[in-house]
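Dear colleague,

Please find below the structure we discussed handing over. My notes on a pocket and on a ligand site follow it.

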Amino acid sequence: MSSASLISAQGDAKHLYTIVVLGASGDLAKKKTFPALFGLFKNRYLSRNTRIIGYARTKMDQTSFEGHVSKFIKVKNEEDKAALSRFLSVCSYQSGQYDHDGDFQELEKHIERVEKISGAKERLFYMALPPSVFIPVAACLKKNNYRQDVVTRLIVEKPFGMDLDSSRKLAKELGALFKEEEIYRIDHYLGKEMVKNLMILRFANVIFGSVWNRHSIDNIQITFKEKIGTQGRGGYFDEFGIIRDVMQNHLLQILTLVAMEPPVTLSSEDVRDEKVKVLRFIPPIAKEDILLGQYTKSEDGKEPGYLDDSTVPRGSKTPTYAAATLFIHNERWAGVPFVLKCGKALDQQKTEIRIQFKDVPGSIFTNLSRNEIVIRVQPGEALYVKMMNKEPGLGMKTIISDLDLSYSSRFNSSVIPEAYESLILDALNGDQSNFVRDDELDAAWKIFTPILKTIDEGEIDPIPYALGSRGPEGVSEFVAKYGYTRE
Ligand code: NDP
Ligand code: BG6
């Protein structure tokens, strides 16, 4: 590689980075990190002079590394093919242990070599690693690859601890190595298009702002459904369960954006201050406000249940489904239930936010359904408002209708970026607003830790549900208990 071969055009890229992906041989790196980096590179959000270095213990030559990097990258046409070939030419790989200074010194030499050519003065370390090596790797990076004259950012993947104590320990250890403004804790739901849309919907529309409170809203449901089960990774999942895997992070982040007060500005700290504030108004989840489930074989008996996975401890009570109701004791939300539901091995894949309004007071009509605003995060981004209308024709019959903003028919959906693309770009630009701050994490764990302790002690029996079903029996009653009514 000679400096003459470098392309000077930098598209929209604002910075020139060296990106190091640690754990580059892994699942996340292959499925999400490299495809996202490719998307940014292709669309010129990464400078053409950017260099990307993969690091992991596995020995790989350049050809097998390129095969690994490109496995999940979609190439639709000749243009993509050419872009992929340029992308691979800026990627290189180095193997090493996660706790050997010598290996990280070799990595430093590699980084310096590519920086000499690229001229990069900023470094992004992406830790696509299991939590057991977060701290050893961060310590080696600080000791061997941290330079005062270079802007350094560190992306960390969840899980950020198992409970309040372990999260605080992790935060303290990481905080001793890197400054909070250098740490980017990813919750990839914060990069999803409809999640990013929440602030605009709420704070850029007069029609929503004035009804977004306990005076008009009866209850809110935030639902995550997934068709896939734990698929042979039950042993890993069993340590965490669905609450730590999805609810305490992804669903709580959505809740926060739905419920927070308007930030003073869009700056990272103003946004995150409001998020922390709303979390602090939520008391720990009570035992009577939770329902757990665990999937069994599919109804036809062909697909194995959770406990059939040989890596899952016998008789495990770890939930693969959970519904929990949270309350926010502040002026805006007192008394409004926020029902969070999430599960694996269900009948469909769907993430949505359903805001159900109160009954029309003193209605002169009968057979009214409640207004609802539904924000579908995935699949198929959409926003629709359920409202009563006059059934066209003679007479005055009411009919429920939708004001429908389905993105597939309104927008060019190919412009919707992958969540990881959006977040990596934010990190490159030094924007932390869509990343989790340490005190936010603390507030989140305070809500969940007591109930998780009860669950870990085996005090709540999960209700079995068949793989591919709608979930455990009793979920409809659970949701109805908090005021949700069906049309
Ligand atoms: P992997 O299990 O694939 O691990 C990544 C790499 O780390 C492996 O290729 C391996 O590299 C190394 N590694 C694996 N196990 C160990 C170990 N016990 N000790 C030391 N090194 C190990 O993880 P993922 O890529 O699935 O996940 C990485 C991080 O991202 C995790 O924190 C995970 O929770 C998070 N995450 C993952 C998602 C996904 O879709 N996979 C989604 C959201 C978050 P080598 O042996 O070559 O060093
Ligand atoms: C991850 C969870 O954080 O999110 C997985 O660990 C889950 O269990 C995944 O499948 C869902 O993400 P997405 O983007 O596919 O909805």
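Helix H14 gives the largest share of the lining of the second largest pocket, with 5 residues. Please bear in mind that the model is predicted. The volume of the second largest pocket is about 660 Å³. A total of 35 residues line this pocket, and Gln221, Lys341, Arg470, Tyr484 and Arg486 are the closest to its centre. Besides helix H14 (475–481), the elements that give two or more residues to the lining are the strands S7 (217–225), S11 (350–357), S12 (372–378), S13 (382–390) and S15 (463–467). Sorted by class, the lining comprises 15 charged, 10 polar and 10 nonpolar residues.

I turn now to ligand 2. The residues around ligand 2 are Lys158, His188, Tyr189, Lys192, Phe224, Glu226, Asp245, His250, Lys344 and Gln378.

In Tyr189, a polar side-chain atom lies 2.4 Å from an oxygen atom of ligand 2. For Asp245, the distance from a polar side-chain atom to an oxygen atom of the ligand is 2.5 Å. An N or O atom in the side chain of Lys192 is 2.7 Å from an oxygen atom of ligand 2. On its own, ligand 2 has 390 Å² of accessible area, of which the protein covers 74%.

With kind regards

Key:
Residues numbered from 1 in each chain as written. Chains lettered and ligands numbered in written order. Predicted model: local features only at pLDDT ≥ 70, side-chain atom pairs only at ≥ 80, totals over all residues. Heavy atoms only, no water. Near = heavy atom within 4 Å. Polar contact = N/O pair within 3.5 Å; in protein donor to acceptor, adjacent residues only side chain to side chain. Areas by Shrake-Rupley, 256 points an atom, 1.4 Å probe, with all protein chains shown as cover. 1 Å grid on protein atoms, 1.4 Å probe; cavity = no way out; pocket = protein on both sides within 12 Å on 5 of 7 lines; lining within 4 Å. Points joined across faces, edges and corners; volume = space filled by probe spheres on them. Helix = DSSP H or I, 4+ residues; strand = E, 2+ residues; numbered from the N terminus. Nonpolar A, V, L, I, M, F, W, Y, C, P; charged D, E, K, R; others polar.
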